[in-house]
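I opened the notebook to look up one residue and its surroundings, then the chain as a whole. Entries follow in the order I made them.

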Amino acid sequence: MIPRRRFLQAAAASAVVSAGAAALPASPATAAAREKPGTITDLGPASVASPLGNAEFVGDVLYLGSRGLAPNVVGAWDLGQDKVTAHFDIPTGVGIWAMCKVGTDVYVATHTRSDLYRIDTLTGATTLLERYSDDYIWTMAASPDGKVYMGTSQPGRVLEYDPATGASRDLGQPAPGEPYVRSIQADATHVYAGVGTNAHLVAIDRATGETRDLLPAEVADRDWVSSMSISDTHIAGGMNSLAELLVLEKADPAAYKVVKATAPGEKYIVSVLIHDGYVYFAGRPSGTFYRYHLESGAYEVLGVPFPEAATVRILEHGGRIYGVQDPGVFVYDPATGAIDYVSHVQKGFKAAPEEPMSVHSDGRRVYVGGKGGCDIHDLATRQVTRLTIAGEPKTIMTVKDTTYLGVYTQAALYSHRAGDAEAKLLFRTGQSQDRPKDLVHDQLTGLIVMSTQPEPGHQNGALDVYDPRTGRLDTYRPVVERQTVFSLTALLGTVYMGTSTQEGLGAPPVTSTARLAAFDLRTRRVKWEIEPVAGAKAVTSLKNTPLALYGITDTGVLFEYDLLRRKVTRTLKVCDRGGDLMLAGRYAYTSDEDAVYRIDLARLTSEKLVTGLASDWFGGGSRINIDPSRKALYALKGRNLIRVAI
């Protein structure tokens, strides 16, 4: 048995070696020149973007709503002047997913928090009307008599707002127990709600509140009715995860058609519009634009306006069809079949710092992931370039001269070499997965491993084992039964996994405690599992030295796992909410929204290295990454990227 003191010294001192840097003592001159630990260098806005969440026409003006900005805005693109002529601030919420109009007023709903606003397009006045307790307002539509209906989560319920009286009414859960109402429409007599995570299409009688599920038995096992449009005679709903369009007659819902989107790998129908005898609809991940003729049943692929872009809304104006996407707006002319693409930013729409999702340094540059790609900060020149990716980079790492990015949705893995204009898609996980959680490279086997969370409502996360030499992908699901693998670290052919009890979003956890597990990359089997910290719901980050594992939980508890004795030997409460964990020499570093903490691994004590960050990460929480030199961390202060000397 190794003496306790020698074990701690060896484990801590070797942390740098295990991370790929030499643990050499600094010379006096070098030490004198080194920055004082905690010194902050501001590198400017971390990620500047202008992602769109929805849109609505009033007259010849297209009102475009942003998401992820601070504040979010609605920009008025005047088609006559062909420019954005005004912006309206929406000061609360992290994004605008829902918009509709009543007369000349535009209604805007936000998420996290869920607020309802009205923009008077005649006077320019923006008014906060109501605040709701729901996490998200996903969808909104106006009835012919001018009432506003909203679909929310969680739980999945329908709300009514009456502009005439200012009163709100709760119409309840159209499918009790289901967490999401993701699409909504209303006519003179009914509200139609598209529900997930188990699909329902529910008609709610506006007068009596009586409900009727219209979803045909043929598609009752689908995940979502996530997009919808209605006409006087028909309802069209986009369903996940098989990329199907459901079209049924209002007068006889038993008269229906299911239309399968044909683009390779298509999974979602993200937006729908019934217009002039056709159903226009858009798919994801391909970004393909489709059309279905109601009378003849003819089906057409109209084109791919922007590869892999998600279309958040389809609208008609002046005989043309407008598709709203993150990168811009496509315009389809049915008369000619032409598709034009417009950059809303080039028309004057505001670009601003967004809430970032990930941060990673390869030593020469820093990647900051956000909506639709990454901002890449060159540390030498301070220049920032944009790497466009169809999705949201959630986790990033570099192996030699290649950077790998785990991208939501589709649980995709991309690679990028510095200087290349584009990233290369390596694979999409499949297996009902959509959200990458972590990436790790095992030096012994050369394999790259990515962990993923399942789609909303689905069970069992997955582990992807990818060989960059051959391109072979092996996916293991489940790997830890009824949990998601949240964090990873690798040592000599073994991947150590920290889990989360949360499976797909909206699915109540069925296990009570997060686990620590070991996966052998040669036998492809889980060797052991333990519960390292009682009551922890997630191990948010995991790192290793040659002799120990160090993890941090969602409750901010650091634990040390002795690889020789195969047990948790020590724990330390560091902060209230765990984030990323980094190792450098005898120290570990982690953060919460306001501070970076330095942890002495020998003494197992912690102190605040910097405070007052008020970091504004997407979804809350905090992220940090370490420079390969082990001399600095990268984090956020507000929405600015900062370098913190260590």
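I take contact to mean heavy atoms within 4.5 Å. The model I am reading is predicted.

Entry, Ser 66. I placed Ser 66 in strand β4, which covers residues 61-66. Is Ser 66 buried or exposed? Its relative accessibility is 0%, and buried means under 20%, so I logged Ser 66 as buried.

Entry, surroundings of Ser 66. I left aside the neighbours within four places in sequence and listed what Ser 66 is in contact with: Pro 51, Leu 52, Gly 53, Asn 72, Val 73, Gly 95, Ile 96 and Phe 349. With Asn 72 I also found a side-chain to side-chain polar contact of 2.9 Å.

Entry, whole chain. I looked up the secondary structure and noted three helices and 58 strands. The radius of gyration is 26 Å, close to the 26 Å from the globule rule for 646 residues, so I put the chain down as being as compact as a globular protein of that length. Along the principal axes, the C-alpha trace spans about 80 × 50 × 50 Å.

Entry, burial and contacts. I noted that 58% of the 646 residues count as buried. Taking contacts between residues at least 6 apart in sequence, I found that 45% join residues at least 24 apart.

Entry, surface and charge. I recorded an accessible surface of about 24,800 Å², with 48% of it belonging to carbon and sulfur atoms. The chain has 67 positive and 71 negative charges, and I noted 11 Å between their mean positions.

How values were computed. Residues numbered from 1 in each chain as written. Predicted model: local features only at pLDDT ≥ 70, side-chain atom pairs only at ≥ 80, totals over all residues. Heavy atoms only, no water. Helix = DSSP H or I, 4+ residues; strand = E, 2+ residues; numbered from the N terminus. Buried < 20%, exposed > 50% of the residue type's maximum accessible area, 1.4 Å probe, protein only. Polar contact = N/O pair within 3.5 Å; in protein donor to acceptor, adjacent residues only side chain to side chain. Rg over C-alpha atoms; globule rule 2.2 N^0.38 Å. Areas by Shrake-Rupley, 256 points an atom, 1.4 Å probe, with all protein chains shown as cover. Lys, Arg positive; Asp, Glu negative; His and termini not counted. Charge placed at Lys NZ, Arg CZ, Asp CG, Glu CD.
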